[in-house]
Amino acid sequence: MRMKAKKAANDSKRVRYAVATLVLLLLFTALVILNIGIGSVNISVRDALSAIFKGNPGTIEHDILWKVRLPRMAAGMILGGALALSGFLLQTFFNNPIAGPFVLGISSGAKLTVALVMVFVLSRGSTVNSATMIASAFVGALASMGFVLLIARRVRRVSVLIISGVMIGYICSAITDFVITFASDESIVNLHHWSQGSFSGTSWSDVRIMAAVVLIASVFVFLLSKPIGAYQLGESYAESVGVNIKAFRILLVLLSSILCACVTAFAGPVSFVGVAVPHLIKAFTKTAKPIIVIPLCFLGGAVFCLGCDLIARTIYAPVEMSISSVSSLFGAPVVIYIMARKAGRD
Amino acid sequence: MEYFFQTEQLAVGYDGKPIVKNIEASIQKGQILSLIGPNGSGKSTILKSITKQLKTIGGVVRIGSNSIEDTSLRELSRLAAVVLTERPKPELMTCGDVVAVGRYPYTGMLGILSEKDREKISDALRIVGALELKDRSFSEVSDGQLQRVMLARAICQEPEIIVLDEPTSFLDIRYAVEILDILRHMALERGVTVVMSLHELGYAKRVSDLVMCVKDGHVLYLDTPEIIFTKDVISRLYDLPAGIYEQLFGGL
Amino acid sequence: MNTSCVLIRPQLNNMLKKLSLLLILIVSLSGCVSEPTGKNFDDLEVVGSMDLKYAQQFSVEYLADGCSLISINESGRVLVVPVGQEPPLNIDEDITVLRQPVENIYLAATSVMCLFDALDALGHITMSGTKAEDWYIENARTAMESGDIVYAGKYSAPDYEMLMAKDCGLAIESTMIYHTPAVKEKLESLGIPVMVERSSYEQHPLGRTEWIKLYGLLTGNEDLAEGLFDAQAAYLDDIPADNTGKTVAFFYISSSGSAVARKSGDYAVKMIELAGGNYVFADLGDSGSATGSANLEMERFYAGAKDADIIIYNSSIDGEVHTFDELLAKSHLLADFKAVRNGDVWCTSKNLFQETTEFGLMISDMNRIFTGDLGDLTQLNFYYKLR
């Protein structure tokens, strides 16, 4: 009798995971199809599919799909997944439900280096190519991550890390404001535009790089499932079962930052995906087990970003809304709702 | 006589400053050692140091025949398991999931539980009498149940020695006695060595093989309960005014 | 200026065109129709260059086969191939090749629209980086409202699909595009030629106007462009050369309360000087080539502008002022100013920045303000006096 009850409990858990995965995959497929089909130029789904699979290079449809829509979609998927994973890592690490990828000051660091490039290189009349812009954003992001890591090595308490991250964010913003005083109006406008985030204009070479970075980092995250699971009981217990806390902490910050830096470099800061998606996944699967949550978070992040990007580029076409506005619009209420429910239960 | 757990000239403290010095203890396998003493005397510090949660200031700690300095974190996790004072608040974990963390040193790279692991989890829960809590959410259990689950987690780790920091605090008598009985069972039937700190002298007397009294930066006494739980020793240890001992412990 | 030289230019150009057409005819008649008739690019001689009076940011060379090679300062080169002609072979990688007349232009540089309007060449533009309601040029707005020109996204986020679907022949961008290099690279990777125009970097106001010749070349309206430019140059020539001795302050008060004035190397300042005025902030900016505006701290502004004979208020950013009350509402400090007390305050009509083709007339207007050659007029073509 008891055996049956236990088995039923296990089964219902498995059913939940399966349903969650299925729902996400369905949403993913639907959004892929929508993203392929919808755009300024009308392409029927049939034409789109034939352009993809049979290829008809030279036709407008083929070019639009392959050169404009598909790379953009790929970016949305990859970077969305990266953000969700980054958020999951930080929420686990800080045991704080509103922790997100940008809490460690990473986007502020990237914005600073981009501002520096705009003000000191572009205003002088020289030009840079997009690879340089991307590289500078990446460097800025990793630099601020470096500072946080330095602190992480010396400090045991996690609350101090959050504070350092926030402080570094403030410092970078202050320096950016200072740099801006030397900026032309154009730089200010463009910097503002950059900080709104966008997937527009992604090229396949961009996609190749981000895919490599994100996929490698994500695999590492997945391989950390075991220590993350132990970490959920707290640092002391995790250490007692054999987790090397110092190394773990550094790895976690490193991976989370690389994922976030990648997004910031290629698309600018995209807020709330990293905060909201892990909550949604955990709420639906009712588990925090990393082996289940990590892949589903990646998928969920991809779905979320694909949806937001679709809305951002179609709702006021041809004007593009910034992706951050859309993701905040959907992400923030989710977080509020989940927090309220949790508070109600406690 | 072969000792399983030994400390030699052990000094413990924070930031290089010793709080307790010259700790010398030797216990055999399957024995229970309790630490008693006034608040702030350093009992927790000692416990944290012997499990390498805190760096020792001086001296040696041996578990088995090796010093813990020479033991890697991984090897130590197969030797020693802990039950701490902190009450973890993980989200969305069942009691079974919490106990499963104890299997960490034995599972593969992704931590997937084998059939054997699952059996051991159920075993551990059975020993502590909490099997029915396995699928219940960890955040919904009572204090007594929580403590038992944390103990099951430690048992599940298949340690040679369990270290507990005030395992009976916040527990009423019934649950406290239950915990102690489980520990005694583990020690006697399974040969698990137990080192713990206790506030309640009655419990310490009931269950210990050896008692260590910690006060003013050093070990006052290390002896059997019969010798420790006497008027002179206890009054001295806790600075009790005259007559209090008889009042409190007259009957015990 | 040697006006006869100006007249000969178009004739020579026409002759060259006729010659090359003849050449094509002969060669095609001899049976070589299927092969490109152009010569090797490197072998082409430069047979002349466009005569430019004031423009310094671009130059045009005429090649032996009738093509024109435009070089824009720091923006690369564009080869314009005449109608019906094949481009030469082995053209250098960095040269953008355009066929005359260029159609389906995506215009993301707002200051250029009026040049196209003056050339009556709006039909060549089908996509705009500015929305209909943001255009001051009547014809541009009408064209957008009727759908002849559609909004295709701003320069930093163009609608690539629309550009591709409409077979965009050229994207004319301002230097703002350099802040979003990814966009330029994307456009080029989609096969859409990009030309970064630099008319706003011309120090001489008529240098800006002279860019009409470049756009005339692209759209096949070279003669009209020449004529229009010459008319504006004539206005300038008619202005008496001597300085009027008047000091002029040209600025606006921003919404945050600070004074914004043009830097000393800016074209607006040059216009004042050409009109015979003396700009009060003559040393604003690091060097003589400083363009654009600068925020002035209040003390400096006060010291510099207080005794100016004439104030011209720049309404193009923050809005027009019509009365002295409105002016003083912007900043009470202005009440002390000499020009305010004497009533010599003028304001620009809002569309100043979009009327590049009438700079000559604008300077002429300003000269009349400075010399006082107005009679009772309180409203000129581009300026009106405050009441």
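Two residues are taken to be in contact if their C-beta atoms, placed from the backbone, lie within 7 Å. On that basis, two pairs of chains touch in this predicted model, and the pair with the most contacts is chains A and C. Chains B and C, by contrast, share no contact, and their closest C-alpha atoms are 41 Å apart. The points below concern chain C.

**Domains of chain C**
- Chain C comprises domain 1 (1–97 + 205–227), domain 2 (101–201) and domain 3 (241–385).

**The five-stranded sheet of chain C**
- Five strands of chain C form an open sheet in the order β1-β2-β3-β4-β5, and their pairing is mixed.
- Strands β1 (46–49) and β5 (95–99) of chain C lie at the edges, each pairing on one side only.
- Direction ignored, neighbouring strands of this sheet are turned against each other by 25° on average.

**Pairing of β2 and β3**
- Strand β2 (residues 58–63) and strand β3 (residues 68–72) of chain C run antiparallel and are joined by five bridges.
- Opposite Phe58(C) stands Ile72(C), a residue in β3(C).

Technical notes:
Residues numbered from 1 in each chain as written. Chains lettered and ligands numbered in written order. Predicted model: local features only at pLDDT ≥ 70, side-chain atom pairs only at ≥ 80, totals over all residues. Domains from an automatic or database assignment. Pairing = 2+ DSSP bridges. Helix = DSSP H or I, 4+ residues; strand = E, 2+ residues; numbered from the N terminus. Axes fitted to C-alpha atoms, helices over the stretch in contact; angles between N-to-C directions.
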